Amino acid sequence: MSDRKEFAHDASGYVLMGDSRDIAVLKSKRQQVYEWAGANKITAEFLGTLGGTDVWRVKDAQQRAWFTLRWQS
C-alpha cells in the first residue's frame with residue numbers, strides 16, 4: 001500500500017485524502033474523464049470531490065500511467 005496523500009482542503013477543515021498513487025482532476029472535467037476512460041477501456045474509480053477537485057483511482061499500473069499522462073495537471 002502507498003502512503004496517504006492530501007489532495008484538497010476546504011475552509012471548514014475538511015480534507016480530501018487518497019492513496020499517493022491516486023490522481024486529482026478538476027471537477028469540471030468529470031464527464032470528460034468518464035467518457036475518455038470508457039472509450040479507452042480504462043478502469044477508473046471515482047473516489048470523491050472537494051473544493052473543485054475530484055480524486056480518481058486506477059488500480060492497473062499501465063492504465064494509471066495513461067490516465068496520469070492524459071489528466072494530471
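This is a predicted model: local features need pLDDT of at least 70, side-chain atom pairs count only at pLDDT 80 or more; totals for chains, interfaces and linings use all residues.
Mentor: Let us begin with a term we shall need throughout: a residue counts as buried under 20% relative accessible area, as exposed over 50%, and as partly exposed in between.

Trainee: Is Arg57, then, to be read as buried or as partly exposed?

Mentor: Arg57 has a relative accessibility of 23%, and therefore counts as partly exposed.

Trainee: How many salt bridges does a search of the whole structure find, and how should I read them?

Mentor: The general idea is that side chains of opposite charge can pair when their charged atoms come close. In this structure the search finds three salt bridges. Arg57 takes part in one of them, its partner being Asp22, with 2.8 Å between the closest N and O atoms. This pair links distant parts of the chain, since Arg57 belongs to strand β5 (residues 53–57) and Asp22 to the loop between β2 (15–19) and β3 (23–26), 35 residues apart.

Trainee: Which residue forms a salt bridge with Asp54?

Mentor: The partner of Asp54 is Arg30, and their closest N and O atoms are 2.8 Å apart. Asp54 is part of strand β5 while Arg30 is part of helix α1 (residues 30–39), so that the pair ties together parts separated by 24 residues in sequence. Asp54 is buried, with a relative accessible area of 0%, whereas Arg30, at 24%, is partly exposed.

Trainee: And which residue pairs with Arg21 in a salt bridge?

Mentor: Arg21 pairs with Asp19, where the closest N and O atoms are 3.0 Å apart. Here again the two ends can be read separately: Arg21 is partly exposed, at 41% relative accessible area, and Asp19 counts as buried, at 4%.

Trainee: Turning to the rings, how many aromatic pairs does a search of the whole structure find?

Mentor: The search finds five aromatic pairs. For the rings of Trp36 and Phe67, the centres are 6.0 Å apart and the planes stand at 70 degrees; since planes over 60 degrees apart count as edge-to-face, that is how this pair is classed. Trp36 lies in helix α1 and Phe67 in helix α2 (residues 61–71), so the pair ties together parts that are 31 residues apart in sequence. Both of these residues are buried, Trp36 at a relative accessible area of 18% and Phe67 at 0%.

Mentor: A further edge-to-face pair is that of Phe46 and Trp56, at 5.4 Å centre to centre and with 65 degrees between the planes. It links distant parts of the chain, Phe46 being in strand β4 (residues 45–50) and Trp56 in strand β5, ten residues apart. Phe46 is partly exposed, with a relative accessible area of 27%, while Trp56 counts as buried, at 1%.

Trainee: Which residues do the ring pairs link into a cluster?

Mentor: The cluster consists of Tyr34, Trp36, Phe46, Trp56, Phe67 and Trp71. The ring of Trp71 has a charged neighbour too, for the charged end of Arg70 sits over that ring, 3.9 Å from its centre.

Trainee: At what angle do α1 and α2 pack?

Mentor: Helices α1 and α2 pack at about 140 degrees, with their axes 12 Å apart. Angles over 145 degrees would count as roughly antiparallel, and α1 and α2 are therefore described as oblique to each other. The crossing in which α1 passes α2 is right-handed.

Key. Residues are numbered from 1 along each chain as its sequence is written. Side-chain values use heavy atoms; hydrogens and water are left out. A salt bridge is a side-chain nitrogen of Lys or Arg within 4 Å of a carboxyl oxygen of Asp or Glu. Buried means under 20% relative accessible area, exposed over 50%, partly exposed in between (1.4 Å probe, protein chains only). Helices (H or I, at least four residues) and strands (E, at least two) are DSSP runs, numbered from the N terminus. Rings of Phe, Tyr and Trp (its six-membered ring) pair if their centres lie within 6.5 Å; planes under 30 degrees apart count as stacked, over 60 as edge-to-face and the rest as tilted. A charge sits over a ring if NZ of Lys or CZ of Arg is within 6 Å of the ring centre and within 35 degrees of the ring normal. Axes are lines fitted to C-alpha atoms, for helices over the stretch in contact, and angles run from 0 to 180 degrees between N-to-C directions. Angles under 35 degrees count as roughly parallel, over 145 as roughly antiparallel, 65 to 115 as roughly perpendicular and the rest as oblique. A crossing is left-handed if the near helix is turned anticlockwise from the far one by less than a right angle, and right-handed if clockwise.
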